[in-house]
Amino acid sequence: MNTITWDDFERVELRVGTIVAAERFPEARRPAYRLQVDFGAEIGLRKSSAQITDLYDCETLIGKQVVGVVNFPPKQIGPMRSECLVTGFYRDDGAVVLAVPDQPVANGAKLG
């Protein structure tokens, strides 16, 4: 494991957002959803591709708060540009469990 400094950690913008739209992403190489996440007034809506189809379906994702990295450069994933990284934890079977706050917080709140 590499050690980082506090300054390194502070450069990563980990923010809370609410998923406002989710749909299947059939063009992705591996099963994924196209998400739109509302990160509040300062950051706004961001699109993301998320390989979370093992444990989640589109209907239950709407309204869920998630933790995302919002300061990566956009990344082209098939026909879409992913504008943030929705975070999660890998289980032993490879499924991703979303990183979520355990209490509601304002969209855009920064992890610190």
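The following exercises, each with a worked solution, concern a predicted model.

**Exercise 1. Burial of the cysteines**

Decide whether C58 and C84 are buried or exposed.

*Solution.* 
Step 1. A residue counts as buried under 20% relative accessible area and as exposed over 50%.
Step 2. C58 has a relative accessibility of 14%, so C58 is buried.
Step 3. C84 has a relative accessibility of 6%, so C84 is buried as well.

**Exercise 2. Strand β4**

Describe how the residues of strand β4 are directed and covered, and identify the strands joined to β4.

*Solution.* 
Step 1. Strand β4 comprises residues 65–69, and five of its five residues are buried.
Step 2. In a regular strand, side chains alternate between the two faces of the sheet.
Step 3. In β4, Q65, V67 and V69 point one way, while V66 and G68 point the other way. Residues pointing either way are buried.
Step 4. Strand β1, residues 14–24, runs antiparallel to β4 and is joined to it by five bridges. One of the residues involved is R15, whose bridge partner in β4 is G68.
Step 5. Strand β7 also runs antiparallel to β4, with two bridges between them. Here V69 stands opposite L85 of β7.

**Exercise 3. The largest pocket**

State the volume of the largest pocket and describe its lining by position, element and residue class.

*Solution.* 
Step 1. The largest pocket contains about 630 Å³ of space.
Step 2. Its lining consists of 25 residues, and those nearest the centre are S49, Q51, K75, I77 and L85.
Step 3. The elements that contribute two or more residues to this lining are β3 (45–50), β5 (75–77), β7 (85–86), β8 (88–90) and β9 (96–98).
Step 4. Strand β3 supplies the largest share, namely three residues.
Step 5. By class, the lining residues divide into 13 nonpolar, seven polar and five charged.
Step 6. L85 links this exercise to the previous one: L85 is among the residues nearest the centre of the pocket, and L85 in β7 stands opposite V69.

Notes:
Residues are numbered from 1 along each chain as its sequence is written. This is a predicted model: local features need pLDDT of at least 70, side-chain atom pairs count only at pLDDT 80 or more; totals for chains, interfaces and linings use all residues. Side-chain values use heavy atoms; hydrogens and water are left out. On a 1 Å grid over the protein atoms alone, a cavity is a set of points where a 1.4 Å probe fits but cannot get out, and a pocket is an open set with protein on both sides within 12 Å along at least five of seven lines; lining residues have an atom within 4 Å of a point. Grid points are joined across faces, edges and corners, and a volume is the space filled by probe spheres set on the points. Helices (H or I, at least four residues) and strands (E, at least two) are DSSP runs, numbered from the N terminus. Ala, Val, Leu, Ile, Met, Phe, Trp, Tyr, Cys and Pro count as nonpolar, Asp, Glu, Lys and Arg as charged, and the others, Gly among them, as polar. Buried means under 20% relative accessible area, exposed over 50%, partly exposed in between (1.4 Å probe, protein chains only). Two strands pair if DSSP finds at least two bridges between them.
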